[in-house]
Amino acid sequence: MNNFQSRGILRERERERERERVNRRLKVFSFQNILKAYYQCRKRKRKTVNAAKFELDFEKHLLILEQELMNHTYNPGQSICFVVTKPKPREVFAADFRDRIIHHLLVSYLEPIWEKKFIHHSYSCRLNKGAHYAINDLKKSLKKVSQNFSQPSYYLQIDISAFFMSIKKDILFKIIKKYIKNPEILWLTEKIIFQDPTKNFYYKGDPTLFSLIPSHKSLFKTPEYQGLPIGNLTSQFFANVYLNELDQFAKHQLKIGYYLRYVDDIVILHQNPKQLKVWHKHLDIFLKKNLKLHFHPKKTILKSIYCGINFVGFIVKTRYSLIRRKNVGNLKRKLWEFNHKSIPENNEIFEEQLQEILSVINSYYGQFKHANTFNLRKSIYQNHFIILKSYFEPADENFNYFRVKSR
């Protein structure tokens with residue numbers, strides 16, 4: 001074979017590799033996949049200004065996104081930075097609407113792969129694995145570990161210090177690379193993980209609120225290549241991916257029978273408190289060595305299960321559960337604000353406001369009904385709805401939720 005023939009074979013192989021790369025991109029970054037991600041994204045964001053602007057000519061915008069992904073020229077845009085004060089001050093970096101579409105596209109690819117790897121008792125940002133599911137699982141576990149509440153049993157509750165701000169991006173990407181081989185997905189994953197929102201953002205809201213954020217809980221103060229922005233779908237998903245390493249160690253190496261995790265809030269049950277202390281030590285060593293994280297020293301609790309467990313907004317007792325006072329206080333405060341709101345003259349705007357208020361109320365009552373709170377639900381309606389009684393009525397005799405009165 002002469003040099004001319006060799007060069008021809010090499011060129012043909014290179015063209016074949018290029019065709020394969022294009023086919024992979026066409027499969028992952030197809031317009032149909034981006035369109036599906038767009039519809040998922042706009043479900044809860046349709047009323048925002050950015051979403052409304054995008055929707056005016058969404059096909060054109062999606063075609064541009066498709067081209068950027070195909071050419072590997074996509075870069076995340078400007079984020080919105082603001083502070084929320086409830087339930088406690090948090091710094092939020094909200095991605096632009098077009099970037100949120102890409103987040104949904106990426107998670108829709110990664111999620112089915114990791115759902116097979118996640119343990120049963122990890123919750124949050126998983127389909128049908130929210131707070132209520134976690135509470136029901138905790139109740140079942142309490143019953144089992146105590147042999148139907150006939151034996152002394154204990155719980156260890158541990159929390160990770162400044163979790164989102166402490167995630168190491170290189171470790172996170174390394175974990176994902178263990179299971180994902182598609183170069184197109186790896187390229188996009190790397191692009192999103194290593195984006196630094198503090199380099200391209202604008203402030204929104206009261207700037208004085210940023211003084212409420214401790215330095216160890218701000219992306220502005222974290223080292224380079226560390227920390228994920230609170231407020232993005234990908235951050236919530238990546239948090240589960242990161243701590244899945246700890247979950248696997250707990251279940252398969254330490255053989256912990258009753259281990260539940262909601263984001264970074266972990267509850268472990270056992271009849272012997274000494275065993276809980278041993279597990280705590282091993283988990284702490286693994287966390288520091290492999291994930292470079294630390295348990296919060298002031299949020300470690302070891303008590304009898306009969307004292308009640310404060311978990312995902314509920315106080316879980318052995319035979320019943322209650323709502324935390326903070327959550328009840330938040331609803332009462334919102335009801336006071338609603339009752340003192342001025343009524344708009346425009347009837348259409350007024351009806352829209354009523355629906356928004358009803359949505360908030362039913363969201364709280366939807367949580368309350370998962371605890372033993374009939375008297376509480378009734379009392380709040382009788383004593384705190386005040387003017388709102390003119391517009392809303394209980395949908396059933398148990399005060400499970402409300403509906404707008406016919407007028």
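# Exercises on helix packing and sheets

Helix H12 and helix H14 are roughly parallel to each other, where angles under 35 degrees count as roughly parallel, over 145 as roughly antiparallel, 65 to 115 as roughly perpendicular and the rest as oblique. The model is predicted, so local features need pLDDT of at least 70 and side-chain atom pairs count only at pLDDT 80 or more, while totals for chains, interfaces and linings use all residues. Residues are numbered from 1 along each chain as its sequence is written, and side-chain values use heavy atoms, with hydrogens and water left out.

**Exercise 1.** Describe how H12 packs against H14, giving the angle and the separation of the axes.

*Solution.* 
- Step 1: Locate the elements. H12 covers residues 325-339 and H14 covers residues 374-384; helices (H or I, at least four residues) and strands (E, at least two) are DSSP runs, numbered from the N terminus.
- Step 2: Take the geometry. The two helices pack at an angle of about 25°, with axes 11 Å apart. Axes are lines fitted to C-alpha atoms, for helices over the stretch in contact, and angles run from 0 to 180 degrees between N-to-C directions.
- Step 3: State the handedness. The crossing of H12 and H14 is right-handed; a crossing is left-handed if the near helix is turned anticlockwise from the far one by less than a right angle, and right-handed if clockwise.
- Step 4: List the residues. Val 328, Leu 331, Lys 332, Leu 335 and Asn 339 of H12 meet Leu 376, Ile 380 and His 384 of H14; contact means heavy atoms within 4.5 Å.
- Step 5: Sort them by class. The contact has 5 nonpolar, 2 polar and 1 charged residues. Ala, Val, Leu, Ile, Met, Phe, Trp, Tyr, Cys and Pro count as nonpolar, Asp, Glu, Lys and Arg as charged, and the others, Gly among them, as polar.

**Exercise 2.** Is Leu 376 buried, partly exposed or exposed, and which residues does Leu 376 touch?

*Solution.* 
- Step 1: Leu 376 belongs to helix H14.
- Step 2: Use its relative accessible area. Because this value is 24%, Leu 376 is partly exposed; buried means under 20% relative accessible area, exposed over 50%, partly exposed in between (1.4 Å probe, protein chains only).
- Step 3: Find its contacts. Residues up to four places away in sequence not being counted, Leu 376 touches Val 328 and Phe 368.

**Exercise 3.** Which angle do the axes of H8 and H9 make, and which residues of H8 are buried?

*Solution.* 
- Step 1: Read the angle. H8 (residues 169-179) and H9 (183-193) pack at about 160°, with axes 10 Å apart.
- Step 2: Classify it. H8 is therefore roughly antiparallel to H9, and H8 passes H9 in a right-handed crossing.
- Step 3: Name the contact. Lys 169, Leu 172, Phe 173, Ile 176 and Lys 177 of H8 meet Leu 186, Thr 189, Glu 190 and Ile 193 of H9. By class, these are 5 nonpolar, 1 polar and 3 charged residues.
- Step 4: Look at burial. Lys 169, Ile 171, Leu 172, Phe 173, Ile 175 and Ile 176 are buried in H8. The buried residues of H8 pack against H5 (97-115), H9, H10 (233-253) and H11 (273-291).

**Exercise 4.** Classify the angle between H4 and H5.

*Solution.* 
- Step 1: The axes of H4 (residues 58-71) and H5 come within 11 Å and cross at roughly 60°.
- Step 2: H4 and H5 are therefore oblique to each other.
- Step 3: The contact joins Leu 62, Ile 64, Leu 65, Glu 68 and Leu 69 of H4 to Arg 98, Ile 101, Ile 102 and Leu 105 of H5. Its residues comprise 7 nonpolar, no polar and 2 charged.

**Exercise 5.** What is the strand order in the open sheet with antiparallel pairing, and what is the order in the sheet with mixed pairing?

*Solution.* 
- Step 1: The antiparallel sheet has 3 strands in the order S9-S10-S11; two strands pair if DSSP finds at least two bridges between them.
- Step 2: S9 (309-311) and S11 (321-323) are edge strands with a single partner strand each, so one side of each has no neighbour in the sheet. The twist averages 25° from one strand to the next.
- Step 3: S9 and S10 (residues 314-316) are joined by 3 bridges, and Phe 311 has Phe 314 as its bridge partner.
- Step 4: The mixed sheet has 3 strands in the order S2-S1-S5. Its edge strands are S2 (90-94) and S5 (201-203).
- Step 5: S1 (residues 79-84) pairs with S2 in the antiparallel sense over 5 bridges, and Val 84 stands opposite Arg 90.
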